[in-house]
Amino acid sequence: MASLQIDDLCVDFGGLRAVNALGFTAAEGTIKGVIGPNGAGKTTLFNAISGFVRPSRGSVRLDGIDISTLASHERASRGLSRTFQNLQLIPDMSVLENVMLGSHASLRAAWGASLLGLARREELAAEALALEKLELLGLADRSAVPASDLGFADAKLLEIARALAGCPRVLLLDEPLAGVPLEEQNRVVEIVRAINRTGVTIVLVEHNMRVVMQVCDEIVVMHHGAWLAEGSPADVAQSPEVIAAYLGTAHGAAPGTAPGTTQGTAAGAAYPQTDAAGHGTRGNHA
Amino acid sequence: MSQAFSPAKQCERRLATVAVLWIAFLAWPLLAGNDYVLSLGVYFFINLLLIGGLNLLMGFGGQISLCQAGFFGLGAYVSGVLSVRAGWPPHAGVAAALILSTVSALAIGLPALRLRGNYLAMATLGFNAILTVLFTELVGLTGGPNGLSGIPPIILAGVDFGSPQRFYYLAWAAGGLCMALLAVFLSSRAGRALRAVAASEVAAASMGINAFNAKLLAFMFSAGAAGLAGALYAHFNQYASPETFNFSASVLIVVMVALGGWGQYWGPIFGAAVFTAVPELLHKFQDAELLVFGAGMIVVLLFLPQGIAGCVAPIATRIAAGMTLLARTRATRP
Amino acid sequence: MGQLPNLLLAGLSTGSVYALVALGFNVIFKSTGAINFAQGEWVMMGGMVAAAGHAAQWPLGLAVLLAVVTVMVTGILSERVILRQLARPGPLVVTLVMIAIAICTKSLVMLVLGKNPASLPGFSGSTPIDWGGLRIHPQTLWIIGITCLVMVGAHAFFERSILGRAMRAVAAQPEAAALCGIDPRMAMALAFALAAATGALAGAIITPLTLTSFDYGTVLGFKGFSAAMLGGMGSLPGALVGGILLGSLESLAGGLISSHFKDAVAFLALLLTLFLRPAGVLGKGEVERV
């Protein structure tokens, strides 16, 4: 169990500030949702947390320890796992090996030991663990096929399985539902909850507001890279700033746009109760 | 396909196949009618070290080295010069060759692999060229363009490996050891890490894999294998000359990796077989030798992206499956 | 008069040729991301074809033109007939295919034009011009002049002409360029034509000074490649600066230190550039470190 603490984080791309003085905390064992309109900087935030882009200011703390100077692979070794919005699987490796890859950091065998085959017991344990994770995600019967043979939804699940194999303390999920067919979304939601019940702190970026409202303990809203609002799902849903940001009426423009009448937009952020299925598909196009 | 896949089992299968093959290879000295044919067997194993080492870096690590022949030469000259000029016992020279080629790979790889992209190819291209100049111009040590002659044969534990018959078993053991190490390595934690780095450095990093380390170590392994091959070559041939180790030779080795099947475990076996046999066959074309070779290379790159191993492997799997089926039906028959 | 000015002048003329070869490397590197190993062979072929034309009693200018056109066609054919067949033309595979094309080119030149070294007369004779103790081979002036013209022309082409801008667009953003109606295949074919033509020209103008033969291309290709790296891969002014820097370094090292190790200078420069300034002397640090 661990907490993730972001302080005053800024990411600049040339002249563009993609993340602007953002700060929030994901408390131990909770699910924190990060939402915001497209282009709000959510994926950049994830890249900065996991070390793929270098912030120009601010810090990322894992359990109170500043990890912002570490390389991405070092952060992963400390129990910070993530999935990617656009998949990052190893296509010509088997599904099982992809998951075993996830436990790389928790295995101890040195290169020389690997070369001489001295780590057999550890290897077999990693294999068993990987199979266990595949079973959890319902992919066990496909363990032998190359990852490139999986459909998009299964590939997403495989990424989660791989992230889990590292026994993460904090798990960053980048749009786990995008591209997943409606009938399978509930399964993913159940899996996210199950992972959380084992004590893993989860930070979730997701466009499907119904799901975000259902599973998150707390939500932080980003707008133009900056912190806009934070609180429980119910609080955030009623925040006027959030409604305005999502409808693009931040400055009182666009008269006549009554909240809730715009079908198929993420207006569900404001009205989770009205959202049955329609909004859930939004992520598919994102 | 519902049959369970397991890296550990795959490793065992590969090791078992290597064992069977290598037992079969023991018959070569009996089949070879003369020393020349026998020596082709020796060169096969030496080429296997060169190609197998490079396949790890190129096929599984996604980085090209254009200095495999340079490390081959470094191994040959280090061991050769130490035994001819300094009077070292050949086996000590072989060890020195192995160490020095690995260490020089470390020195080249440390700066070059820190850069994202194919900078290793460029750095190794330069390093091979510099080595060639050194082999040719350090006449006092290397004998210059005339080559280094009088390299003594290896004597190990009182056994003189001067004759092709005896040396064959030494090369046989080195080649088998290389294939076994590769089999174990590829299905291990570090092997998976290397393959992941080649496919996606982002994915690898998110799994906690240090891409730089993985590539550097693969490069050192490939150079070490080449250095060992060079030392064996020098003491077998008892002569070494610079043009064996120039850039064109490095390119040839890269081509053989691709031809055998890059990123295919069995690729180097085919690559080494072709590399050993092709010069003999190509000589028939005389002046058109290079053209036939170049055209063949184009055909392979365009139409056989998986190399020979990629064509043979499915057939072999089918035969194996058929045989298992046959065995099963026989066993179940009353 | 010391030998220094003469050495520098010699360096300037070989450096000019390296710059032309580096230009070819850059053009193809930009459009494919690959190292074009055939570049050196095109230079050799340019020299060989021009010499053959001259041997067949063609006027010198026409022989050079013949060389440029023949090699350009070879370059275009290499791209059209071979490279275009690749299902996934990644930099690694393209580099390998170019190695194969280089081997074929070299071998074809040997089969058609023979194994003997070939020569061309100087474009304005070969009586050295004495200029205050500086002995200048007139061909040196031709080399420097033609290189300057080509460099200025290339600059104008890539900066001013629609075609040149389209090529740069494809190199920078293939998808976006395709959306604007620029055919990336066309840009690629053009890159090969340009690289082959400059290579051939370089080969034709250096031959009066150095002779040429079928096995002369590989080393020249390497030197040109080192020059391209030294100046900054993909940069046009980089090719010029890298070429002249390398030519001068080589000439000085050969004259003042030892001619034996002259060939190592280029590769030492290549390694040092990679390790100290991987983006090249003129590069702006676009190389990403991990």
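Which residue of chain B does the side chain of Glu123(A) meet in a salt bridge? Let's find out in the close-ups below.

This is a predicted model, where local features need pLDDT of at least 70, side-chain atom pairs count only at pLDDT 80 or more, and totals for chains, interfaces and linings use all residues. Residues are numbered from 1 along each chain as its sequence is written, chains are lettered from A and ligands numbered from 1 in the order in which they are written, and side-chain values use heavy atoms, with hydrogens and water left out.

**View 1. Glu123(A) pairs up with Arg192(B).** The partner is Arg192(B), and the N to O distance is 3.1 Å. A salt bridge here is a side-chain nitrogen of Lys or Arg within 4 Å of a carboxyl oxygen of Asp or Glu. Between chain B and chain A the count is two salt bridges.

**View 2. Here is where chain B touches chain A.** Chain A brings 36 residues to the contact and chain B brings 31 (contact: heavy atoms within 4.5 Å). About 3200 Å² is buried between them, and carbon and sulfur atoms give 65% of that. Buried area is the accessible area (1.4 Å probe) that two parts lose on being put together, summed over both. On the chain B side, Arg189(B), Arg192(B) and Met207(B) lose the most area to chain A, together 25% of what that side buries.

**View 3. Helix 9 of chain B gives the most to this side, with seven residues.** Helices are DSSP runs of H or I with at least four residues, strands are runs of E with at least two, and both are numbered from the N terminus.

**View 4. Arg82(A) reaches Asp174(A) within chain A.** Their closest N and O atoms are 3.8 Å apart in this salt bridge. The pair links distant parts of the chain, 92 residues apart: Arg82(A) sits in strand 6 (residues 80–82) and Asp174(A) in strand 7 (residues 170–174). Over all chains, the structure holds 16 salt bridges.

**View 5. Helix 1 of chain C runs over residues 4–32.** Next comes Gly33(C), with a positive phi near 75°.

**View 6. Take care with residues 250–286 of chain A, where the pLDDT is below 50.** That score is the predictor's confidence in each residue, from 0 to 100. Chain A has a mean pLDDT of 80, and 82% of its residues reach 70 or more. Where pLDDT is low, the predicted coordinates should not be read in detail.

Notes. Expected span 1.5 Å × (residues − 1).
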